[in-house]
Amino acid sequence: MNEREILKLVSQELSVFMGRHGYHKRSMGHFVMGEENLEKWITLTLSKWSNGTGFHVDHYAAYRLPAFAEIHNRYLHYVTEKEKKLIPTISTYFFNLVPKDFDWKEVTVVTESDIPAVARNIERICTLYSFPLLDKFATTDAIVEGFRGERNTWPEQDPILRFELLLLDDVLKHNTASFDRRFDEALQFCGSRTDGRAVWLSNLARSLKKDYLS
């Protein structure tokens, strides 16, 4: 079996379970639940097992902010439409959800006969870790508000993502005073940094200011 066939079969095997929990298949490997202005995603991914036999079936548990993505993606000229579907997101990868002593064989497909057992193990992981993680927030406003507090309370410990979302939130809410304050903070944070994400944040902040708040 190739990767596409495995992803298709695992998705089919998980469809009923995901549906019972309010997640509906958006496309192969993507299960989505919509809540007000927020989308919750379980996205299956495959990675080759280190010994070359079989594939790990992993996943992301992610929040997607559609209104934010609509503005954000206008500036992503170099990104494919497929990649834009999940930007911006707040996501936690499978690695971070399960215990350190997790047995990877539980989610490894070598032959088609492994798929039912792997799907049941993914269901268990979702029930214990992924769904409770995603249940923490039901609206975009709740996520954004979390980024306004102390760093240890942020939904995700990423300062660049935090600035992106807070700037986009101010644009959406036409809050010029807050945007100007956040704009100055973002540019000060980036300073003379030349890494790609810092440059991107600086460019995004300036573009948002010119296009929406000038």
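**Strand pairing**

K25 has F31 in β2 as its bridge partner. This is a predicted model, in which local features need pLDDT of at least 70 and side-chain atom pairs count only at pLDDT 80 or more, while totals for chains, interfaces and linings use all residues. Residues are numbered from 1 along each chain as its sequence is written, and side-chain values use heavy atoms, with hydrogens and water left out.

*Strands and turns*

- Strands β1 (residues 24-27) and β2 (residues 30-35) run antiparallel and are joined by three bridges; strands are DSSP runs of E, at least two residues, and helices runs of H or I, at least four residues, numbered from the N terminus.
- Pairing requires that DSSP find at least two bridges between two strands.
- Two residues lie between β1 and β2 in their hairpin, where G29 has a positive phi near 90°.
- Six bridges pair β2 with strand β3 (residues 38-48) in the antiparallel sense, and F31 has I42 in β3 as its bridge partner.
- In the turn of the β2 and β3 hairpin, E36 adopts a positive phi of about 50°.

*Residue H72*

- H72 belongs to helix α2 (residues 66-72).
- With a relative accessible area of 4%, H72 is buried (under 20% relative accessible area, 1.4 Å probe, protein chains only).
- Beyond its neighbours within four places in sequence, H72 is in contact (heavy atoms within 4.5 Å) with residues including E164, L168 and W200.

*Helix α7*

- Helix α7 spans residues 159-172, and 13 of its 14 residues are buried, so the helix is largely enclosed by the rest of the structure.
- Just after α7, H174 takes a positive phi of about 55°.

How values were computed. Buried < 20%, exposed > 50% of the residue type's maximum accessible area, 1.4 Å probe, protein only. Expected span 1.5 Å × (residues − 1).
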